[in-house]
Amino acid sequence: MSRADIFASIQRGLGRRQASAAERAAVEQRLNAKAPNLIPARGQLSGEALQQLFISMAQEASAEIIELTRIQEVPQAAALWLQEKGIEELVLASDPELQALDWSSTQGVLRREGVAQAGDLASLTLAFAGIAETGTLMLYSHPDSPTSLNFLPDNHLLILRRVDLVGVYEEAWNKLRTQVGENWPRTVNMITGPSRSADIEQKLQMGAHGPRRLVIFLID
Amino acid sequence: MQIRSPEFKQNARIALTDVGLQKALGNVKTGFPDKRAKAVARMPEFDALRDQARDLKNHILQHLDLYLEIFEANVIKQGGQVHWCRTAEDARQTILRLCQEAGAKTVTKGKSMVSEEINLNAHLEAHGIQPVETDLGEYILQLRGDHPSHIIAPAIHLNLEDVSETFHQHHHKPKSMDAAVLMQEARETLREKFVVADVGITGANFLVAETGSTLIVTNEGNGDLTQTLPKTHIVVSSIEKVVPTLEDMSLFLRLLARSATGQEFTVYNTLSSGTKRLGDQDGPEAFHVVLVDNGRSDMLGGELQEMLRCIRCAACMNHCPVYGAIGGHAYGWVYPGPMGSVLTPQMIGIEQAALLPNASTFCGKCEEVCPVRIPLPKLMRHWRKNEFERHLTPQAARWGLGIWAFFAKRPSLYRLLSRISNLSLRSLAGKKQRIEKLPFGQAWTQMRDMPAPSGKTFMQQWQARNKTGHNS
């Protein structure tokens, strides 16, 4: 039996059989404490400085930032962006917050809800958090947030609230733990800019398999 | 994959004269080290993070059985299963069985070096299942019947012309020399594969004990499409990749991208935990983690244990003058460069891989850039010693070492001899101060001239300095 063999071999290498009570306690302690390791100074900011770091890091990773104030402004801003790109369709996460918006300003854009299909040109989803240290977005899967929306469409549009900005990854993990409790999601995505590859001669090309463009609507 | 490590010398000789390969390798030397250096310079805490990462890996390895048990329990809690595989053969069989049980005809694959290590693709193909590599580099190689020559940039040995020709043959489209057009072709072709695949296989960069999750790191998003669209997601990974918590994973992630590609962060870092949840509109219905040992547990408790800290960033090979000169294929198996020269003897046997740990100048650059501070030269020296003890070292080399040892143990004789050889080498070199032919050293002088010693011996200079008081 492979499992028993592997554990026996590990324990042989460690020069012991079953772990001691002290070793078990050390492991338990580490898992329970969830203590952060060294956190770089860069992300330890707040307020305006935090937002500016997020924006500059996300832009450096080739994400597009559109600053708004209210979520109610998103349908029009999205319609405008799509119009500029000549795109006439949009798949939305089936989120009550998106459903509650007034979409009348997006006439001419065919809207659909649910999972993405191959060939979809654009999706709109809600980000759970924005992480300033590297301009990274965090999203997680749940019934109103299918993962395929983050990868299949050519263009990924996201809404991120300024209050959901955090400095570093550790803060985002804690925020997620608080949010989901015992119901850990199947998928957590950390996304930093649009898809790319340098596999041909190490020259960077944008839009490998995931979205070619990543647009962040930053709202209050 | 066929083992060609015993022919390392011949492989290297061919590589040095391969014009296309040499051109392609130029992209390693000019690209990776500069990008890494810039990213490191932007992170003042980088060295402190490396120290913590080293210590954390050591802690994990000392408690490896415990963390793996907890990881397994949490995978099950999230609706997944863990399959333990002692050997590469066990792993191949297990994955084949899982694919057959899923009724799979085609499987999409994200990039996974462990799957190369266990030679998975050939095994699936032999049993009527078509694996489709989806990482752009891996896809190019699969079409060419080729293998990765680098652990994070698998097609680094190819040039644009090669890719252009391969795609022209397989995609039946007009030949293009525009990398963007070629990538678009791959995107369109693979999109159809993603949608119809029955099973998606990915690797894992980390296994998180706290949540029973696996994490993949990609820039393309191919791994995400691979694991989101099919009904079954199989993760193939190895036992040393477990980390305790998400905080601990974050420590390694801060080091990984910067050390690998010089990015601040890789585009997609994706955590997968079990099967899709009640009400989820997409995601896999089955989640399997196949954990491979394949010689790793035997490295615990010995000198090679430190190698188990490796997070597969490829910084060691990106900075290696030997790798930079000959590329990855010359090493003759899955893992090239300094990390491969330590791992390969463990996995395929020192008898077959003895030349690899010898293919190093011990310049120490690999250790200098390693994010988890693996003493790679020391570990290569471990294998050289092992090779010598097993009498695998060629007879001529053994004699040479014996003669050197005789003098080295007799300092005054050694100094006398070095003075004599110093003088004779300088007279042999003549006016040009270059030696074109060296007695017993043809292997060196066939390829290049040997520079003549520039002055007095080290000991003579040392004594002279001490006398004049310049010894500080």
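**Close-up 1. A left-handed crossing of two chain B helices.** Helices α15(B) and α18(B) cross with left-handed geometry. This is a predicted model, so keep that in mind for every view here. Helix α15 of chain B covers residues 337-348 and helix α18 of chain B covers residues 376-389; their axes come within 9 Å and cross at roughly 35 degrees. From α15(B), the residues that meet the partner helix are B:P338, B:M339, B:S341, B:V342 and B:P345, and on the α18(B) side you'll find B:L376, B:L379, B:M380 and B:W383. Sorted by class, this contact has eight nonpolar residues, one polar and no charged ones.

**Close-up 2. Where a chain A helix meets a chain B helix.** The crossing of α6(A) and α12(B) is right-handed. Zoom in and you'll see A:Y169, A:E170 and A:W173 of α6(A) meeting B:L246, B:E247 and B:S250 of α12(B). The residues of this contact split into three nonpolar, one polar and two charged.

**Close-up 3. The open six-stranded sheet of chain A.** Reading across, the strand order is β1-β12-β7-β4-β2-β3, with parallel pairing. The edges belong to β1 (64-67) and β3 (110-113) of chain A; each has a single partner strand, so one side of each is left without a neighbour in the sheet. From one strand to the next, the twist averages 25 degrees.

Close-up 4. Strand β2 of chain A (residues 89-92) runs parallel to β3(A), and four bridges join the two. If you want one bridge to look at, take A:L90, whose bridge partner in β3(A) is A:R111. Helix α4 of chain A (residues 74-85) packs on the sheet and touches β1, β2, β4 (122-126), β7 (155-161) and β12 (213-219) of chain A. The direction of α4 makes about 155 degrees with that of β12(A).

**Close-up 5. Two assigned domains in chain B.** The domain assignment of chain B gives domain 1 as 43-297 and domain 2 as 395-468. Taken over C-alpha atoms, the centres of domain 1 of chain B and domain 2 of chain B are separated by 51 Å.

Key
Residues numbered from 1 in each chain as written. Chains lettered and ligands numbered in written order. Predicted model: local features only at pLDDT ≥ 70, side-chain atom pairs only at ≥ 80, totals over all residues. Domains from an automatic or database assignment. Left-handed = near helix turned anticlockwise from the far one by under 90°. Contact = placed C-beta atoms within 7 Å. Nonpolar A, V, L, I, M, F, W, Y, C, P; charged D, E, K, R; others polar. Pairing = 2+ DSSP bridges. Axes fitted to C-alpha atoms, helices over the stretch in contact; angles between N-to-C directions.
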